[in-house]
Amino acid sequence: MSQMRTNSKIEFEYRARTRRSAELYERARKVIPAGLTHDSRTLLPYPIYAARATGPRKWDVDGNEYVDYFGGHGALLLGHGCPTVLEAIERQLKLGTHWGSSHELEVRWAELVNRLIPCAERVRFTASGTEASHLALRLARAFTGKPKVIRFTGHFHGWHDGVTAGAMSHFEGGVPAGIPAGLVEQTIMLPADDVARVADTLASRDDIAAVMLEASGASWGQVPLPEGFLAGLRKVTKEYGAVLIFDEVITGFRWSRGGAQGRFGITPDMCILAKIVAGGLPGGAVAGRADIMGQLDAAVAKSAKREKIGHQGTFNANPLSAAAAVATLSQVESEDVCARAERTAADIRDGMRRILLEEQIPWGVYGDASAFQIFQNPGRIAIDPATFDARNLGFKGLKGARNPDLAYRLRVALLANGVDIMGAPGGLVSATHGAREVAHTLEAFRTAVRWLKAEGDA
């Protein structure tokens with residue numbers, strides 16, 4: 001991993017606070033590739049190593065306290081260590097961690113998903129969002145008898161071979177290392193800015209099984225969708241018989257109780273879920289129309305004269321995950337936690353815009369629901385933070401133009417001031433973040449942008 005620039009106040013302050021994390025990183029590099037267990041934890045000169053967390057805050061191994069906007073990669077809408085979730089996990093621990101049997105909690109879990117998510121006539125649990133993505137595509141292909149899938153540039157659906165190309169790299173085409181070219185050819189990549197082009201593609205071919213996208217726009221809204229895009233996709237996929245799949249791994253139970261589909265009033269044929277759906281423990285799900293999901297049921301498949309789709313998984317609906325999920329989704333159903341997190345995120349976005357204006361930094365701040373995104377303007381284009389509209393830049397101007405080193409420097413500057421954001425850069429807000437966290441975050445943001453400006457990066 002390359003080093004940050006020398007004589008940097010930002011790096012000096014970070015290193016001075018995080019000596020134990022630096023030591024752990026050096027140990028990790030000797031046994032773990034790149035010293036990391038998840039690509040999005042990449043950080044220069046090294047990541048922090050967490051020790052504990054509660055509510056909206058976490059502490060590292062050096063004892064530093066942070067306002068946390070990683071939130072378990074978006075899984076912790078209720079914050080770290082939610083008492084009702086912990087109680088449910090502790091209760092289940094005493095009863096058993098893996099029975100290798102069906103159990104009541106998985107039924108209650110599925111019933112909650114069914115009540116909350118509009119498309120969820122049937123639910124099948126997986127161990128992760130990537131697994132859910134894989135299963136959804138298999139179900140769509142089997143249901144339609146067609147091989148091809150339309151995806152959109154920059155939209156992320158996990159790391160399996162069928163969805164890697166064009167998600168985080170190879171935006172202009174090509175085959176990522178380790179993936180057969182023939183598999184990449186089963187995907188038709190389109191820009192997420194033109195419903196007419198999707199319609200033309202569907203009209204000109206008879207081999208398209210599904211259209212799949214992040215319902216927020218690429219990378220939980222880093223590249224917002226044009227107005228009316230989801231409604232347009234729903235119309236044309238119905239017209240041409242393609243299965244519409246929403247990736248709601250992040251938006252599910254966050255954009256609203258019913259996810260993005262509930263927020264926007266547009267119901268797909270299937271969706272994939274993870275993160276919040278499992279209450280902060282490992283887990284995912286595919287939810288969708290009964291006729292499509294019925295392919296997993298031997299009796300239903302036989303009556304429909306279809307082949308049953310096989311699906312196994314050692315940790316599907318694991319009792320610990322099910323316990324956390326039922327506790328979490330019950331609270332999502334009964335309390336207005338989504339709106340609470342969204343109000344706080346709006347305060348953060350508004351405050352950051354004010355700081356950019358006052359400090360004369362030509363960046364943009366935007367986001368939907370309980371997310372905030374920071375556009376660092378690597379191309380130094382003319383921007384007024386007060387009127388910035390990310391839709392005007394599109395994919396190439398946003399995710400396609402992202403400068404990782406610049407994002408790292410903002411993250412490190414914020415960490416040195418007690419705030420941990422995600423790498424887009426941006427963050428996901430929990431229902432436990434409040435006025436104290438907002439004030440701390442905005443103070444840290446002001447200091448961070450001043451440091452970056454002094455070093456020529458803002």
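This is a predicted model: local features need pLDDT of at least 70, side-chain atom pairs count only at pLDDT 80 or more; totals for chains, interfaces and linings use all residues.
**Entry: the whole protein**

I began with the overall picture. I noted 18 helices and 14 strands in the protein. Then I looked at the radius of gyration, which is 22 Å. A compact globule of 458 residues would have a value near 23 Å, so the two agree. Along the principal axes, I found that the C-alpha atoms fill a box of roughly 70 × 55 × 45 Å.

The accessible surface comes to about 19400 Å², and carbon and sulfur atoms hold 51% of that. Of the 458 residues, 56% are buried. I also checked how far along the chain the contacts reach. Taking contacts between residues at least 6 apart in sequence, I saw that 72% join residues at least 24 apart.

**Entry: aromatic pairs**

How many aromatic pairs does the count come to? I got seven. One of them is Tyr69 with Phe372, an edge-to-face pair with 5.2 Å from centre to centre and 85° between the planes. Where do these two residues lie? I found Tyr69 in the loop between strand S3 (65-68) and helix H3 (71-74), and Phe372 in strand S12 (residues 371-375). The pair therefore ties together parts that are 303 residues apart in sequence.

Are these two residues buried or exposed? Tyr69 has a relative accessible area of 0%, so I wrote it down as buried. Phe372 is also at 0%, and buried means under 20%, so Phe372 counts as buried.

Why is the pair of Phe375 and Phe388 called stacked? The ring centres are 5.5 Å apart and the planes are at 10°; planes under 30 degrees apart count as stacked, so the pair is stacked. Phe375 lies in strand S12, whereas Phe388 sits in the loop between S12 and helix H16 (394-397). This pair ties together parts that are 13 residues apart in sequence. I noted that both Phe375 and Phe388 are buried.

**Entry: a charge over a ring**

What lies over the face of Trp59? I found Arg52 there, at 4.0 Å from the ring centre.

**Entry: a four-stranded sheet**

I traced an open sheet of four strands, in the order S1-S2-S3-S13, with mixed pairing. Which strands are at the edges? They are strand S1 (50-54) and strand S13 (419-420), and each pairs on one side only.

I followed the pairings one by one. S1 and strand S2 (residues 57-60) run antiparallel and are joined by four bridges. For Ala50, I found the bridge partner in S2 to be Asp60. S1 and S2 form a hairpin with two residues between them, and Gly55 in the turn has a positive phi of about 55°. S3 and S13, on the other hand, pair in the parallel sense over two bridges.

**Entry: His80**

My last stop was His80, in the loop between H3 and helix H4 (83-95). Its relative accessible area is 15%, so His80 is buried. Which residues does His80 touch, leaving out those up to four places away in sequence? I listed Ala53, Thr54, Gly55, Arg57 and Asp68. Gly55 was already in my notes as a residue in the hairpin turn.

How values were computed: Residues are numbered from 1 along each chain as its sequence is written. Side-chain values use heavy atoms; hydrogens and water are left out. Rings of Phe, Tyr and Trp (its six-membered ring) pair if their centres lie within 6.5 Å; planes under 30 degrees apart count as stacked, over 60 as edge-to-face and the rest as tilted. Buried means under 20% relative accessible area, exposed over 50%, partly exposed in between (1.4 Å probe, protein chains only). A charge sits over a ring if NZ of Lys or CZ of Arg is within 6 Å of the ring centre and within 35 degrees of the ring normal. The radius of gyration is taken over C-alpha atoms; the globule rule is 2.2 Å times the number of residues to the power 0.38. Contact means heavy atoms within 4.5 Å. Accessible areas come from the Shrake-Rupley method with a 1.4 Å probe; for residues, only the protein chains shown count as cover. Two strands pair if DSSP finds at least two bridges between them.
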